[in-house]
Amino acid sequence: MMNKRPCVILVADSNMAATFRGYFKRDRWHLSLGCAPFEINTDVGADLLVDEGGNDPGVYTKGHELLRPYQSSHHRALVVLDCEWEGSPGKDAIVAHITANLVTSGWAEDAVKVIAIEPELENWLWQDKPQVADALGYQGTKPLRQHLADSGKWPIDVAKPPRPKETAEWVLKQAKKPRSSAIYQKLAEHISIRGCTDAAFAEMHAAFLAWFPMEVAA
């Protein structure tokens, strides 16, 4: 009988894949989440899948079909996509639709988790940390956080830029640095996991804790 692997992760595009690759590349990454370690191979096609179309609607409509072959090889499936795309029905409907399709296709309900990031992936990466400024190539004279507050991109009294993707692109444009998956991987390797206050990230955190609980010493 085939030994199943712990978890397969389906993401919407290459930037998301790079983010997960960067995260799981950390030493003792599981300690950041407080869960038990589990085997994960972030080579695309191993335990990490990317929708061939590279978009969120593709995951929404056929995520269950992409994951169907992995029912025999993996215990659990995590699906991650943005909430903001043309024709999006909104977070709750996205989660309900994909979850229902996964269960109908044969996955147990407690073996799947759909993470819809509101509005998009970049919300996980923005922190008031020098590592973020470095990854984005920012070389201004004042701290990046202050620069974004002064320019109206990230008001000082809110936790994240209201338009996280556009704000990242704005900084990259000023730095004359093209947006690439390597930036996402670098950010995920170095930013604080505990400092990520995004609700969708917290949901993913809770799923990992439930699936892979830390053993308590007797």
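A pocket is here an open set of points on a 1 Å grid over the protein atoms alone, with protein on both sides within 12 Å along at least five of seven lines, whereas a cavity is a set of points where a 1.4 Å probe fits but cannot get out; lining residues have an atom within 4 Å of a point. The structure is a predicted model, in which local features need pLDDT of at least 70 and side-chain atom pairs count only at pLDDT 80 or more, while totals for chains, interfaces and linings use all residues. Residues are numbered from 1 along each chain as its sequence is written, and side-chain values use heavy atoms, with hydrogens and water left out.

The largest pocket is lined by 14 residues, of which D13, D56, D82, E122 and K165 lie nearest its centre. Its volume is about 200 Å³, a volume being the space filled by probe spheres set on grid points that are joined across faces, edges and corners. Eight charged, three polar and three nonpolar residues make up this lining; Ala, Val, Leu, Ile, Met, Phe, Trp, Tyr, Cys and Pro count as nonpolar, Asp, Glu, Lys and Arg as charged, and the others, Gly among them, as polar.

Two cavities of 30 Å³ or more are present in the structure. The largest cavity contains about 120 Å³ of space. Its lining consists of 13 residues, and T19, Y23, W124, I193 and F201 are those nearest the centre. By class, ten of the lining residues are nonpolar and three are polar, with no charged residue. At least two lining residues come from each of α1 (14–24), α5 (122–125) and α10 (199–211), helices being DSSP runs (H or I, at least four residues) numbered from the N terminus. The largest share, three residues, is supplied by α1.

The second largest cavity has a volume of about 90 Å³. Among the residues that line this cavity are E122, W126, L136, R179 and L187. Nine nonpolar and two charged residues form the lining, and no polar residue takes part. Helices α5, α8 (164–175) and α9 (181–190) each contribute at least two residues, and the largest share, three residues, belongs to α9.

The structure contains zero disulfides, a disulfide being a pair of cysteine sulfur atoms within 2.5 Å. C7 takes part in none, and the nearest cysteine sulfur, that of C35, lies 10 Å away. C7 is buried, with a relative accessible area of 0%, where buried denotes under 20% relative accessible area with a 1.4 Å probe and protein chains only. C83 also counts as buried, at 7% relative accessibility.

Notes
Buried < 20%, exposed > 50% of the residue type's maximum accessible area, 1.4 Å probe, protein only.
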